[in-house]
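Work through the exercises below with the sequence and the model open side by side, and try each task before reading its solution.

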Amino acid sequence: MVNRIEIERLLQSKEMKELWQTIQQELPQLHFYKENDSWEEARIDYLENYISECNTLLCKCNFQEISIKDLYTYLSLYSFEVFCKQDLLETENTEIIIDESEQDYILQELGMSEDEYKQRCKTHDYLEVANHLVDYYLLTEHSDILLEYYKLQGYEEPEQMLKDKMNLYSMCKR
């Protein structure tokens, strides 16, 4: 079971903050959200849910659950830093296609134009680093669990997503 206090400490850790600052400095062409503490509970909720779902899958296979302590070990690796940067750059180069069924929601419920929505999708928050940390852990320890998570989320091409992440991971480990 993942502890919310541990998640909060990870998100607020010196290591996380320093890595986030490095990413922002080295990738000035990307857009970043200004730090907003009012989103902290939502960040914790998201990361808690992500880790819990992965832990459920890990337990089904009799693997050890993800611990926050384990995640800290990857946070300081240069290969992880490169992984984060490359993934963010790939996101920037990905075309965002809005399905017709989503247009009404975006325009009416969110109250923004398609262009505003697309820009928001390409604006980054340090939660992404924490999310990449879990991905990196799973790619290192149990990549098949990441595939199962993608399937559980209903992604259209989970095998291709895993293949792309594995290629990126392999490139960064060299």
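**Exercise 1.** Identify the residues that form one aromatic cluster in this predicted model.

Solution. The cluster is made up of Tyr 74, Phe 80, Phe 83, Tyr 136, Tyr 137 and Tyr 169. For context, a search of the whole structure turns up 10 aromatic pairs.

**Exercise 2.** Classify the geometry of the ring pair Tyr 74 and Tyr 136, and decide whether each residue is buried or exposed.

Solution. Begin with the distance: the ring centres of Tyr 74 and Tyr 136 are 5.7 Å apart, and rings count as a pair if their centres lie within 6.5 Å. Next take the angle: the planes stand at 65 degrees, so the pair is edge-to-face, given that the cut-off for this class is over 60 degrees.

**Exercise 3.** Describe the largest pocket by its volume and its lining.

Solution. The volume of the largest pocket is about 1900 Å³. Its lining consists of 40 residues, and those nearest the centre are Thr 91, Cys 121, Glu 128, Asn 131 and Tyr 155. Among the elements that give two or more residues to this lining are helix H3 (40-60), strand E2 (123-124) and helix H10 (158-173).

How values were computed. Residues numbered from 1 in each chain as written. Predicted model: local features only at pLDDT ≥ 70, side-chain atom pairs only at ≥ 80, totals over all residues. Heavy atoms only, no water. 1 Å grid on protein atoms, 1.4 Å probe; cavity = no way out; pocket = protein on both sides within 12 Å on 5 of 7 lines; lining within 4 Å. Points joined across faces, edges and corners; volume = space filled by probe spheres on them. Helix = DSSP H or I, 4+ residues; strand = E, 2+ residues; numbered from the N terminus. Phe/Tyr/Trp six-rings, centres within 6.5 Å; stacked < 30°, edge-to-face > 60°.
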